[in-house]
Each structure stands twice: as structure tokens, then as C-alpha cells.
Amino acid sequence: MISLDLAVNAIVAGLLLGGFYAAVTVGVTISFGMLDIVNIAHPAFIMLGSFVAYIVNSNFAVDPILIGVVMAPVFFLAGMGVYQIYYYAFERRGEESIQGLAFFFGLLFVGEVALILVFGVDYRFVEAPYIGPSLHFGFVDFPLRMLIPFLISLLMLAVLQVFLGRTFIGRAILAVSQDRLALQLMAANPSRVKRIAFGISIATASVAGALLIIIQPVEPSIGRDYIGRIFAICVLGGMTSFPGMLAGAMLIGIVESITSTFYGPSWAPAVAFGFLLLTLAWRPAGILGR
Amino acid sequence: MMHGNRSETPLPHRGKGVIPRGSEMGTAKFWIGSVLVGVVFLVLTRWLITNEYYFFAGYQVLQFIVLATAWNILGGYTGYTNFGTGAFFAVGAYSAVVLHKLTSLPVPVMMLIGGVMSGIIGFGMGYLTLRLKGVFFAIATLALAIVAQTLIVNWDYVGGARGVYVIRPQHAPISGSYIQYLYSLMLALTWVSVAIARTIERSQLGLGFNAIRDDELAAEAAGVPTLRLKLIATTLSGALMGMSGAPLPYYVTYLDPASSFNLSYAVNSVAMPMIGGMTSWIGPIVGAVLLGTIQQLATVTISSALNLLIVGVLLIVFVIIAPNGIVGLVQSRWRARIR
């Protein structure tokens with residue numbers, strides 16, 4: 001018999017985890033879902049975000065979330081730079097598929113190895129007042145370490161959603177995702193819009209990295225655990241919509257949390273990937289898909 | 001589509017580049033030549049080299065040739081990127097561990113069984129995802145690697161996360177040390193996989209693969225059975241990777257999930273054909289010998305983390321400046337001279 005409070009706690013923890021997963025995935029929803037750029041190096045940028053937060057936090061005791069937000073413009077510029085290389089080397093030549101994939105795969109690997117060379121394989125963590133205490137409602141625990149990233153993540157999603165829907169450049173990004181050719185016929189330049197959008201997608205990695213190192217200690221190679229998770233959520237959510245992505249993230253979060261509560265944490269990584277494989281096989285349009 | 005020089009169709013120029021296509025002489029030369037090279041290589045290394053280290057290093061380079069060639073059968077010929085080399089390789093290795101615990105089969109039989117296991121996984125993988133866009137296949141292979149690793153980590157019989165020790169038999173079945181024996185097996189497997197790759201390249205099958213790579217929709221419309229061909233490619237490619245993994249437990253004598261599923265196998269098997277050139281069987285060999293040797297030298301002289309950085313950086317640089325690899329560069333030189 002499964003005890004009720006254990007199950008409820010597992011579901012709550014899963015929801016919080018799912019909220020955080022949404023922050024990790026939103027960048028890929030933009031780059032892969034909207035721009036058709038298969039950025040499998042996204043976890044490497046998230047790791048970079050975590051380590052930037054770690055360096056600044058351990059030297060100057062600044063709040064990690066603040067660091068993530070302040071560093072986002074730098075990540076934005078880096079993202080624009082990466083897109084520029086990608087555009088000139090692959091997209092313009094029409095060779096984006098296999099060579100472009102290999103390019104991002106190389107970036108992922110180089111990022112991981114470079115971090116290992118600099119920081120070693122030790123687990124690093126940050127200090128903040130909200131790491132440790134929990135809120136309690138009856139028998140349900142809300143650890144602040146999970147709750148704060150959850151809220152920040154939802155806030156970031158909301159800001160992005162408003163930005164995409166309301167601003168000129170945001171609508172241009174949606175237009176690129178819907179029909180690149182039509183945009184070109186309107187005399188707009190898709191690659192300029194894509195550059196900005198890709199910059200934004202990398203900027204979210206700065207915040208997501210800061211959230212990650214709040215939730216758990218980080219070492220360079222855990223980034224690759226997120227590849228399957230990110231793409232699973234992105235595909236589950238139907239690739240382009242934020243609400244769909246959030247629902248997918250919650251689903252994966254809850255299933256993972258229940259798995260690790262009742263079967264042990266060593267099984268949790270397989271869940272997301274199993275989900276990904278099954279979704280790809282039977283429902284490639286996503287749970288809310290057309 | 002992806003192999004540069006889009007003004008020309010890829011098939012004719014490839015034939016002109018390396019060996020005249022379809023000429024019987026070329027084919028006969030290849031078979032005789034490759035067997036001769038293999039035998040001479042085996043005999044020379046066995047008689048002349050006394051330092052065991054060279055067999056260790058040589059085994060690694062040969063293993064990379066097999067992995068790169070196997071990857072290229074799917075990635076280079078049909079254009080589907082597989083990032084799960086580590087999974088196929090490790091499934092071969094862990095099959096051997098299980099067989100080692102249960103039976104006392106000779107290593108070549110273990111290689112065959114490991115190959116069958118990985119081939120089955122390649123088939124299942126392809127069956128689930130190959131009807132989708134190529135990108136999804138690539139992501140699914142990344143996912144497969146983690147699922148397989150999780151299963152092994154939770155499987156205590158093969159050591160779980162702690163890993164497992166495998167004790168080598170005291171004597172090799174043929175003369176020489178056990179490492180020399182494994183080295184000879186890997187040399188044979190290298191020959192087999194290169195021969196398979198070259199045979200495919202020159203057969204109807206290879207034409208079908210190339211059609212899929214250049215335009216899958218057009219190929220389908222022209223009556224190429226694309227799904228069946230892709231399944232053949234994933235199965236063959238996975239099986240060869242599994243076969244190259246099967247002797248690993250005896251080679252390292254200690255096997256754990258973190259090292260056998262290492263992402264570096266995937267990076268290497270992607271980087272080697274990309275750097276060497278993906279359109280012909282020579283490309284992966286060139287890439288594997290080059291990168292494998294560089295890594296051996298870097299591991300001995302500098303550090304093993306740095307050599308992985310070298311591979312990653314070379315991969316990025318090559319896909320940007322030379323998307324057709326070294327073989328592609330040489331071929332375009334060649335054509336320029338002929339004109």
C-alpha cells in the first residue's frame with residue numbers, strides 16, 4: 001500500500017521540479033521548436049550559467065538568481081555570435097542537417113571538457129538564504145530551494161510569452177517560426193530575426209543555469225543528463241507552444257519524482273528518455289499536438 | 001545535398017576520385033590489396049614489436065576504425081546521425097561480460113553474440129524513430145544511450161554502478177600474449193567492417209542509401225524502399241559497433257558504466273568520418289588513424305582530458321571549413337588537376 005502523504009509529497013515535488021524543467025527547456029523550444037536550429041549544445045550553456053553563478057557567488061556572495069539575470073545579456077551576445085557562425089558555416093550553404101548537428105555536438109562536448117579542465121569533476125554549490133528552509137502546509141513540504149526556482153521559471157516564461165505576443169520583434173520571431181519564406185517575401189530578413197531569437201534562447205540558459213545550481217550541486221558532466229529531458233519535454237509539448245511545453249515539463253517532473261520516490265533515484269534518468277522514445281514513436285506531434 | 005559541390009551530382013565524382021567505379025580491376029585490387037595489407041601488418045607487428053604498449057595503442061586505433069566505419073554506414077551513406085555509439089558499443093561489451101560469467105565461450109563467438117545484441121537494438125531503435133525527420137533520430141539515439149546506461153547501472157549481475165572485474169584467461173588461444181590475441185581479433189574485425197562498407201558502397205544497397213541521403217522524399221517516390229534500407233543500415237551499423245565492444249572487458253579487465261558508455265565514443269565516431277570524409281570507405285579510416293594516433297600521443301604526453309578537447313575542437317573546425325573532410329579536399333584537388 002502506497003502511503004498517501006508520500007505520494008502527495010512526490011507529486012508536489014514533481015510539480016516544482018517540472019516548473020524548473022520548463023526554464024531549462026524554454027531556450028530549446030525557441031531554438032529547436034521555433035527556429036529549426038537543433039541546438040543540442042544548450043545544456044552546455046546551462047552548465048556555463050551554473051558555473052558563472054558559482055564563481056560570482058563564492059567570491060562575492062551575490063544572490064545566484066541575480067547573477068543569472070545580470071549575466072543574461074552576455075549570454076545573449078554569445079548566442080548571437082554562435083548563430084552567426086552557424087549561419088555562415090551551415091545555414092547559408094544549406095548544409096544545416098548533418099554538419100550543423102555535428103557542430104552543436106562538438107560545442108556540447110568542448111564546453112563540457114573545458115569546464116572539466118578548469119573546475120575538475122568536483123560538485124560545486126552556491127550559498128543563498130533560501131537554500132535549506134522549507135514551508136509546510138499540513139504534511140506537504142515546499143522546500144524553498146525548489147519553490148523559488150519554480151516561481152522564477154514561471155515568471156521568465158510569462159515575460160517571454162508577453163514579449164513574443166506583444167512586441168514587434170517578438171511577433172517577427174513567431175513569424176519566422178511559422179513561415180520563413182513568407183517573411184522573406186515581405187522584405188524582412190529572417191536571419192536577423194533568428195539571430196536575435198537565438199540570442200534570447202541562450203540568454204535563458206544563464207537564468208536556468210543559476211536555478212540549476214540552486215536546486216542541486218553541479219559538476220560539468222551532469223549537463224548531458226538534461227539533453228534527453230529537454231528534448232523530451234520540447235517534443236511532448238508540441239515544439240512551439242509555451243503552455244504545451246510547461247505541461248510536458250510538469251508531466252516529466254511528476255513522473256520522475258514518483259519514480260525516484262518509489263523505485264529509487266537511480267532509475268529517474270531513464271524515465272524522461274523512455275518518455276521521449278515513446279512519444280517519438282507514437283505521438284510525434286506532442287501531447288497537445290495538432 | 002550535404003556533401004558539397006552541389007552543382008555536380010555526388011555519385012559520379014566520387015567514382016572518379018578514389019577508385020574507378022565499377023571496374024572489376026579496382027575491386028579485385030581492393031580485395032587482394034586489403035588482405036595483403038592486413039596479413040603483412042599482422043605478421044610485421046607480431047614479429048618486430050616486442051613492447052606490449054604498441055598493441056594496446058594499436059588496438060585502440062583499430063577499434064576506432066571499426067566504430068568510425070560502422071557509424072559511417074548509417075551517418076555517411078544514408079545521412080542519419082547517430083549520437084548513441086556509446087550505447088551500441090557498451091551493449092556489446094556487457095553482452096561479453098554476461099557471457100563471460102555464464103559460459104567459457106571463445107572471444108570471437110562473444111563478438112558475434114555482442115554484435116547480434118547491438119544489431120537488434122539498432123533495429124528496434126530504427127523501427128521506432130526512422131519514420132520521423134532525421135533530427136529526431138539523432139536526439140533519440142542520445143536518449144537511448146542514457147536509457148541503456150541506466151539499465152546497466154541498476155543491473156547488479158553485471159556489477160551495477162560499481163563496475164565489474166573480468167579476469168583474462170592465462171593463455172591466449174594462439175601464440176603470443178593475450179593483448180596480441182585481442183589485437184589480432186580487432187585487426188580482423190577492422191578488415192571485415194571496411195570490406196562490408198566498401199561492398200555496400202559499390203552495390204545496389206549503397207545506391208539506395210545515397211538516394212536517401214540526397215533526397216529521401218524523391219527516393220521514396222522513385223520506388224526506393226527507404227524504411228527497409230534505413231533499417232538495414234541501423235542494424236548493420238549497430239551490430240559492427242557491438243562487435244567492436246565485445247572484446248573490451250578483456251582489454252581493460254575492469255568495466256564500469258561511466259567509462260563504457262562514455263560520450264567520447266560518440267564524439268569520436270562522429271568526428272572521425274567527418275574529418276576524414278563521409279562519402280567513401282577511406283574517409284573513416286583516414287579520420288580514425290589520424291585522430292586515434294593524435295589521441296594516443298596526447299594521452300601519453302599531455303593529459304587525457306586535453307585529448308578529448310582536441311577531438312571536439314577539430315570536429316568543430318572541420319565541419320566549418322572542410323565539410324567534405326580530408327578525402328573531399330584531396331578529391332577536389334585531384335579534379336582540379338585533371339581539368
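I will begin with the ground rules, then take the helix pair, and end with the interface.

This is a predicted model, in which local features need pLDDT of at least 70 and side-chain atom pairs count only at pLDDT 80 or more, while totals for chains, interfaces and linings use all residues. Residues are numbered from 1 along each chain as its sequence is written, and chains are lettered from A and ligands numbered from 1 in the order in which they are written.

In chain A, helix H1 (residues 4–34) and helix H8 (residues 190–215) have axes that come within 8 Å and cross at roughly 160°; helices here are DSSP runs of H or I, at least four residues, numbered from the N terminus, and axes are lines fitted to C-alpha atoms over the stretch in contact, with angles from 0 to 180 degrees between N-to-C directions. H1(A) and H8(A) are therefore roughly antiparallel, a label for angles over 145 degrees.

Residues of H1(A), including Phe20(A), Gly27(A) and Met34(A), meet residues of H8(A), among them Ala197(A), Thr204(A) and Ile215(A), where contact requires C-beta atoms, placed from the backbone, within 7 Å. H1(A) also bends by about 40° at Thr25(A), the bend being the angle between axes fitted to the seven residues ending there and the seven starting there. After H1(A) comes Asp36(A), with a positive phi near 65°.

Turning to the interface, 36 residues of chain B are in contact with 34 residues of chain A, and H6(B) gives the most to chain B's side, with 13 residues.

Key:
Helices (H or I, at least four residues) and strands (E, at least two) are DSSP runs, numbered from the N terminus. Angles under 35 degrees count as roughly parallel, over 145 as roughly antiparallel, 65 to 115 as roughly perpendicular and the rest as oblique. Two residues are in contact if their C-beta atoms, placed from the backbone, lie within 7 Å.
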